[in-house]
Amino acid sequence: MSVEINIEGRNARVTELKREGNLITLQVDDEIYQVDALKVGEGLYSVLYKGKSYNIEMIDAGSPRHYTVNSFHNSYQVEVIDAQTRYRMSRSGGDHGESGNTIISPMPGKIVKIPVKAGDQVEAGQTLIIVSAMKMESEFKSKSAGTVKSIHVSEGDTVEANKVLVVVE
């Protein structure tokens, strides 16, 4: 299982590679960590890493997937950014799920309609692609005027999260 975590403005990709009881092997971006983690209470964890013990407290910060994480010396604001969160942020006008004028699928879905083709001139706000996900259709629009450089999918395709769909230059 892999998730993206934002810690104080820094995004990190965290993947659980292996779990044997309390022993967990994690990959954080390109680094591998082996930890012994035990839940000792509601939101309380004991973590052993390289022979050192850490007590971690996770407090729900009032909205889903947002936490305040406290250790003995530090406190961090943490957000878990999963496919559902990327989708929600893309629908609410956030920049997550799109990069520049490249439309990226925020979550798995099915391509319903592509009303443009490579080489078309498009205006800011023009619909480039319609994706069905979580039983709802979402229109992804061009952020600025330009030319459709490439389309990486076809109508009817099923796509995974983070797949580049359309590029406008």
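What share of the contacts in the protein with a separation of 6 or more comes from residues 24 or more positions apart? I found that such residues account for 36% of those contacts, where contact means heavy atoms within 4.5 Å.

A note on the model: it is predicted, so I took local features at pLDDT of at least 70 and side-chain atom pairs at pLDDT 80 or more, while totals for chains, interfaces and linings use all residues. Residues are numbered from 1 along each chain as its sequence is written, and side-chain values use heavy atoms, with hydrogens and water left out.

Overview: I listed one helix and 17 strands, taken as DSSP runs numbered from the N terminus (helices H or I, at least four residues; strands E, at least two). Of the 169 residues, 33% are buried (under 20% relative accessible area; exposed is over 50%, partly exposed in between, with a 1.4 Å probe and protein chains only).

The barrel: I followed eight strands that close in the order S1-S2-S3-S4-S5-S6-S7-S8, with antiparallel pairing (two strands pair if DSSP finds at least two bridges between them). From one strand to the next, the twist averages 35 degrees (axes are lines fitted to C-alpha atoms, and angles run from 0 to 180 degrees between N-to-C directions). S6 and S7 share four bridges, and I saw Ile-59 opposite Thr-68 in S7.

The largest pocket: its space comes to about 1500 Å³. A pocket here is an open set of points on a 1 Å grid over the protein atoms alone, where a 1.4 Å probe fits, with protein on both sides within 12 Å along at least five of seven lines; lining residues have an atom within 4 Å of a point. Among the 38 lining residues, Ile-5, Leu-26, Val-47, Ile-56 and Met-58 are closest to the centre. I counted 25 nonpolar, eight polar and five charged residues in the lining, with Gly among the polar ones and Tyr, Cys and Pro among the nonpolar.

Val-40: this residue sits in strand S4 and is exposed, at 54% relative accessible area. Beyond its neighbours within four places in sequence, Val-40 touches Tyr-45 and Ser-46.

The open sheet: I read its four strands in the order S14-S13-S11-S16, paired antiparallel. S14 (136-141) and S16 (158-159) are at the edges with a single partner strand each, so one side of each has no neighbour in the sheet. S13 (127-133) joins S14 over six bridges, and Ile-130 has Glu-139 as its bridge partner in S14.

Terms used
Grid points are joined across faces, edges and corners, and a volume is the space filled by probe spheres set on the points.
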